[in-house]
Amino acid sequence: MDSEALRKFSALHPRPAGLTLHYGTAGFRSAAQHLDHVVFRMGLLAALRSKAVTATIGIMVTASHNPEEDNGVKLVDPLGEMLHPSWEEYATQLANAEEQELEKVVTEICQKAAVNLHKDASVFIGRDTRPSSKKLSQSVIDGIQVLGGQYHDYGLVTTPQLHYMVCCQNTQGQYGKATLEGYYEKLSKAFMELIKQSHCSGEFQRHLKIDCANGIGALKLSEMKPYFPQEVVFHIYNDGTKEKLNHLCGADFVKVHQKPPGGLDMKPNERCCSFDGDADRIVYYYKDTAGHFHLIDGDKIATLISIFLKELLAKVKQDFKMAVVQTAYANGNSTRYLQETLKVPVHCVKTGVKHLHHKAQEFDVGVYFEANGHGTVLFSKAAETKIRQLVKEEKDNEKREAAKMLENMIDLTNQTVGDAVSDMLVIEAILALKGLSVQHWDALYADLPNRLLKVQVADRRVIDTTDAERRALTPPGLQEKIDALVQKYRLARAFVRPSGTEDVVRIYAEADTQENADALAHEVSLAVFHLAGGKGAPPQPIS
């Protein structure tokens, strides 16, 4: 390690006094002006990780659905997955090290993780469209170069595209070509092969209005347009030319506020969807003829995909194990529909994409979506091999056709991470193949009315949970109180969990009516306020 170069470059990216940041599920996020030293040091870490695993590592500069003035950075592991948990700890240590301690911390990481500094390092870099992202990417490059690493800067890409490219690189092209053209070609070819098998292909145009949150999604969808046939027409809104990123638009805004984004004119029964700022989440929605807004979130997306896959898996007659993975935030009626009507096993895990992803890897076909619209489908290597073999060798027409559809689904799905572009194409293909309107899809089951609240507390760590965050272990008496409150309402459920980033406790409640869900959420928030050290004025009833 060149100590002189490390000192020199570190001085160019000084750490502000008193700032402490933690690497979470989404990496680091903060106001952009506080992040220069962090992204420089994550450049160092990406080079170290690459040397440790002898593979290309990704580093993405984005703050996803956060406001435009924020930014963030996260690392991507060799197969396009989230950074390994043990390295999250190193990331936090490195980000918070004092200037004079930096070399010592790097040396400690090398010892703990058995990093050979003489090995080569290779890092792929991507960034979103925030004004601060280009400069922060340059700071990443400084960090990589200090440790003698090589890098490829892809510039403006969606987060899922960077995950995809890292996986392609480390599988020697087995997953696809590590270029944007390779990504567009793979997805569009699989999509067109699928909709070819639709009864109504060619006879009508499929129109979809897409709110791109004034983010990177608009740019990349425009690049992808030439790859699609004229039967498929995407109308792009909030393309970033007029308004600020994520401002009153995007998947997070639509999900949280349960209303359409600004900048998108909706006519009755038109199919619309929203991406978030870095295009790894998607939600659908429409307005009915009475003008009521209907949200189709991650739960309903998982259900639609599960129906389609279950039918195909039944036709190929293989003993594939399929399951859906949800978090405690999944609507109770979605879980009920999957288990009781579809007869698909459902597993509940802690909040955070990495938990869902790991659980989904346990099955031949694992469907996972968070209610916020982040999710994908994972196919095991064994299932994929068998399906591709059936396409080539199966004599029975029906079986072979079903296997062909499954093969196209494998290729259309970005299995590295939730991907709004890929998920949108999967959904559009399924709706076309099944001849479903957005209203039919919405009518599969009715969501139970629910309410999300948060309560400020002096220290969020007083809340400890178990059972995939569905039950509180501490403070004493809180879970008993929640149980008693839930008993008062029909079809009711409630849980509390500490935020991962701020001193607030998040509360979720659902019940048979919106009035009851609101009342339950308020009563639980009061219990949290009194038993978990609430700050400020007690929560007020929902008006």
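The model is predicted, so to speak of local features pLDDT must be at least 70, side-chain atom pairs count only at pLDDT 80 or more, and totals for chains, interfaces and linings use all residues. Residues are numbered from 1 along each chain as its sequence is written, and side-chain values use heavy atoms, leaving out hydrogens and water.

**Domains**
- The chain is assigned domain 1 (3-156), domain 2 (183-294), domain 3 (298-442) and domain 4 (450-531), with bounds from an automatic or database domain assignment.
- The centres of domain 1 and domain 4, taken over C-alpha atoms, are 36 Å apart.

**The second largest pocket**
- A pocket here is an open set of points on a 1 Å grid over the protein atoms alone, with protein on both sides within 12 Å along at least five of seven lines, and its lining residues have an atom within 4 Å of a point.
- The second largest pocket has a volume of about 850 Å³, where volume is the space filled by probe spheres set on points joined across faces, edges and corners.
- Of its 32 lining residues, Cys-167, Tyr-175, Lys-381, Glu-384 and Gln-415 are the closest to the centre.
- Helix α7 gives the largest share of this lining, six residues.
- Domain 2 and domain 3 each supply at least three residues to the lining of this pocket.

**The cavity**
- A cavity is a set of grid points where a 1.4 Å probe fits but cannot get out.
- The whole structure holds one cavity of 30 Å³ or more, and the largest cavity has a volume of about 40 Å³.
- Among the residues lining the largest cavity are Tyr-23, Lys-74, Glu-88 and Lys-354.

- Helices are DSSP runs of H or I with at least four residues, and strands are runs of E with at least two, numbered from the N terminus.
- Helix α3 (residues 85-96) has twelve residues and spans 17 Å from first to last C-alpha, close to the 16 Å expected at 1.5 Å a residue, the expected span being 1.5 Å times one less than the number of residues.
- Buried residues of α3 include Trp-87, Glu-88 and Tyr-90, buried meaning under 20% relative accessible area, exposed over 50% and partly exposed in between (1.4 Å probe, protein chains only).
- The buried residues of α3 pack against β1 (28-31), α2 (36-53), α4 (102-112) and α12.
- Glu-98 lies in the loop between α3 and α4, and is partly exposed because its relative accessible area is 42%.
- Glu-98 touches Arg-15 and Arg-41, not counting residues up to four places away in sequence; contact means heavy atoms within 4.5 Å.
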